[in-house]
Amino acid sequence: MSAPDRVYKYPLPLESFGPFAWMSLEMPQGAVPLCVQVQRGVPCLWARVNPSAPVTVHNLRIAGTGEDLESDVGRHLGTVQLDGGSLVLHVFAYAEAQA
């Protein structure tokens with residue numbers, strides 16, 4: 001019997017944000033990203049996960065407003081505003097990496 005799904009939070013390190021930023025997160029296989037929001041000044045991703053599933057790499061793309069997007073930018077997870085709204089970033093999820 002597998003563990004029930006839970007919602008986990010994954011902080012997104014501020015130093016990862018910049019033009020055409022890519023980020024990889026280790027989350028359980030099959031994790032479903034729910035949203036991206038700022039909590040106490042830190043961008044975070046919340047995902048529905050099965051904690052007993054093996055861990056895999058999930059890839060994110062961060063783009064600033066006005067940046068060119070690749071044709072396969074992934075699914076939009078959310079938009080965050082930092083520095084009092086002077087920095088607006090859009091977070092997209094790509095498919096998890098294959099093992």
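Which residues does L45 touch, not counting residues up to four places away in sequence? The views below start there.

**View 1. L45 and its neighbours in a predicted model.** Leaving aside residues up to four places away in sequence, L45 touches Y8, K9, Y10, L12, M27, P33, C35, V36, L60 and L77; contact here means heavy atoms within 4.5 Å. Numbering runs from 1 along each chain as its sequence is written, and side-chain values use heavy atoms, with hydrogens and water left out. As this is a predicted model, local features need pLDDT of at least 70 and side-chain atom pairs pLDDT 80 or more, while totals for chains, interfaces and linings use all residues.

**View 2. The largest nonpolar core.** Here we have 19 residues, and L45 and L60 touch the most other members. Such a core is a set of buried Ala, Val, Leu, Ile, Met, Phe, Trp, Tyr and Cys residues joined through side-chain atoms within 4.5 Å. At least two residues each come from β2 (21-28), β4, β5, β6 (75-82) and β7 (87-96), with β2 giving the largest share, 4 residues.

**View 3. N50 in its loop.** N50 sits between β4 (42-49) and β5 (55-64); strands are DSSP runs of E, at least two residues, numbered from the N terminus. With 18% relative accessibility, N50 counts as buried, the cut-off being under 20% relative accessible area (1.4 Å probe, protein chains only). Its side chain makes a polar contact of 2.7 Å with that of S52 (a pair of N or O atoms within 3.5 Å, one able to donate a hydrogen and the other to accept it; residues adjacent in sequence count only if both atoms are side-chain atoms).

Key
Buried < 20%, exposed > 50% of the residue type's maximum accessible area, 1.4 Å probe, protein only.
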